[in-house]
Amino acid sequence: MNPPLLKVSGVSKAYGAIQAVDAVSFEVQPGEIFGVIGPNGSGKTTLFNSMLGQISPDAGRIELKGQDVSSLGPLELNRRGVGRTFQTLQVFSKMTVRDNLIVAAQEHRGSLWSRMFAPTESGLGEQADALLAQFHINHVAQKKAGELSYGQQKLVDIAMAFMSAPDLILLDEPCAGVNPHLVEQISKLLKDLNKSRGGSFVVIEHNMDFVMGLCHRIMVMVEGRVLCVGTPDEVRNNKDVLDAYLGN
Ligand SMILES: Nc1ncnc2c1ncn2[C@@H]1O[C@H](COP(=O)(O)OP(=O)(O)O)[C@@H](O)[C@H]1O
Ligand SMILES: [Mg+2]
């Protein structure tokens with residue numbers, strides 16, 4: 001049997017007396033959209049940062065396609081096919097939208113040295129144009145990213161994560177501060193990208209309708225621990241979730 005795309009085993013991270021992430025284990029299969037929900041402060045972002053080599057967890061192991069990647073940093077993980085978006089926008093506001101996408105992919109391609117001497121676009125322009133069209137932001141390709149609405153910048157931000165053609169993308173609250181119309185658009189986009197590119201996602205999000213409508217499986221975190229993992233229906237009807245998370 002093929003190994004899971006992502007296997008997280010016993011990851012823990014404390015900040016002083018706060019156990020931000022407490023022995024979290026889960027697996028994500030190829031092609032899966034996996035949701036992570038939980039109240040503010042339940043450890044979701046810390047878990048992401050641990051999985052992405054942004055911080056070193058105190059314990060635990062991360063495997064990608066059966067290989068131990070626990071000790072790798074963000075750039076090396078990106079080269080191995082893991083992309084991410086952050087809870088806050090990461091676009092370069094003075095650069096055009098299209099250049100933002102191209103630079104995002106170049107970052108993934110190698111050292112500054114090799115980038116300086118490689119042809120500027122080297123096929124990335126076409127890839128950027130395809131994504132801009134898929135994200136319905138091709139009409140603003142030549143605008144400075146900072147001139148766009150917050151919602152459009154969010155789309156640019158998500159498109160940037162796809163430029164390195166990752167196997168797995170981790171999205172931290174893609175719908176934060178976004179209007180309901182755009183929430184639907186993002187949901188539809190991720191479903192399309194999941195189908196057309198076989199992309200797998202791990203998505204942290206507070207918007208329940210979004211998570212329930214998009215994800216194949218959902219993990220609920222409370223106080224750093226995994227409360228349960230299941231399909232949207234299983235999670236919706238789980239008594240522990242209703243008690244602990246929804247406060248019923
Ligand atoms: N860099 C940090 N230093 C100290 N405490 C932190 C740090 N990052 C997160 N925490 C704490 O860890 C807990 C989990 O935070 P976080 O992972 O951001 O949760 P979530 O993303 O689910 O809202 C919170 O109690 C938070 O205050
Ligand atoms: Mg967070």
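Accessible areas here come from the Shrake-Rupley method with a 1.4 Å probe, and for residues only the protein chains shown count as cover. On that basis the protein exposes about 11,700 Å², with carbon and sulfur atoms supplying 52% of it.

A quick word on ground rules. This is a predicted model, where local features need pLDDT of at least 70, side-chain atom pairs count only at pLDDT 80 or more, and totals for chains, interfaces and linings use all residues. Residues are numbered from 1 along each chain as its sequence is written, chains are lettered from A and ligands numbered from 1 in the order in which they are written, and side-chain values use heavy atoms, leaving out hydrogens and water.

**The overall picture**

The protein has ten helices and ten strands; these are DSSP runs numbered from the N terminus, helices being H or I with at least four residues and strands E with at least two. Its C-alpha trace spans about 55 × 40 × 40 Å along the principal axes. For 248 residues, a compact globule would have a radius of gyration near 18 Å, and the protein agrees at 18 Å. That radius is taken over C-alpha atoms, and the globule rule is 2.2 Å times the number of residues to the power 0.38.

Of the 248 residues, 48% count as buried, where buried means under 20% relative accessible area, exposed over 50% and partly exposed in between (1.4 Å probe, protein chains only). Take the contacts (heavy atoms within 4.5 Å) with a separation of 6 or more: residues 24 or more positions apart account for 68% of them.

**Around the magnesium ion**

Which protein donors does the magnesium ion (ligand 2) have? They are Thr45 (OG1) and Gln87 (OE1), lying 2.1 to 2.7 Å from the ion. Donors are N, O and S atoms within 2.8 Å of the metal (3.2 Å for Na, K and Ca), and water is not among the atoms, so sites may look incomplete. Thr45 sits in helix H1 (residues 44-51) and Gln87 in the loop between strand S6 (82-85) and helix H3 (97-109), so the pair ties together parts 42 residues apart in sequence.

Leaving aside residues up to four places away in sequence, Thr46 touches Lys13, Tyr15, Ala20, Val21 and Ile55. As for H1 itself, seven of its eight residues are buried, so the helix is largely enclosed by the rest of the structure. Among those buried residues are Lys44, Leu47, Phe48 and Met51. Just after H1, Gly53 takes a positive phi of about 70°.

Here is how some individual residues come out:

| Residue | Relative accessibility | Class |
|---|---|---|
| Thr45 | 28% | partly exposed |
| Gln87 | 34% | partly exposed |
| Thr46 | 13% | buried |
| His181 | 61% | exposed |
| Glu173 | 8% | buried |

Most residues other than glycine have a negative phi. Ala165, however, has a positive phi near 45°, and its place is in the loop between helix H6 (150-162) and strand S7 (168-172). Glu173 also has a positive value, near 50°, and sits in the loop between S7 and H7.

His181 lies in helix H7 (residues 180-197).
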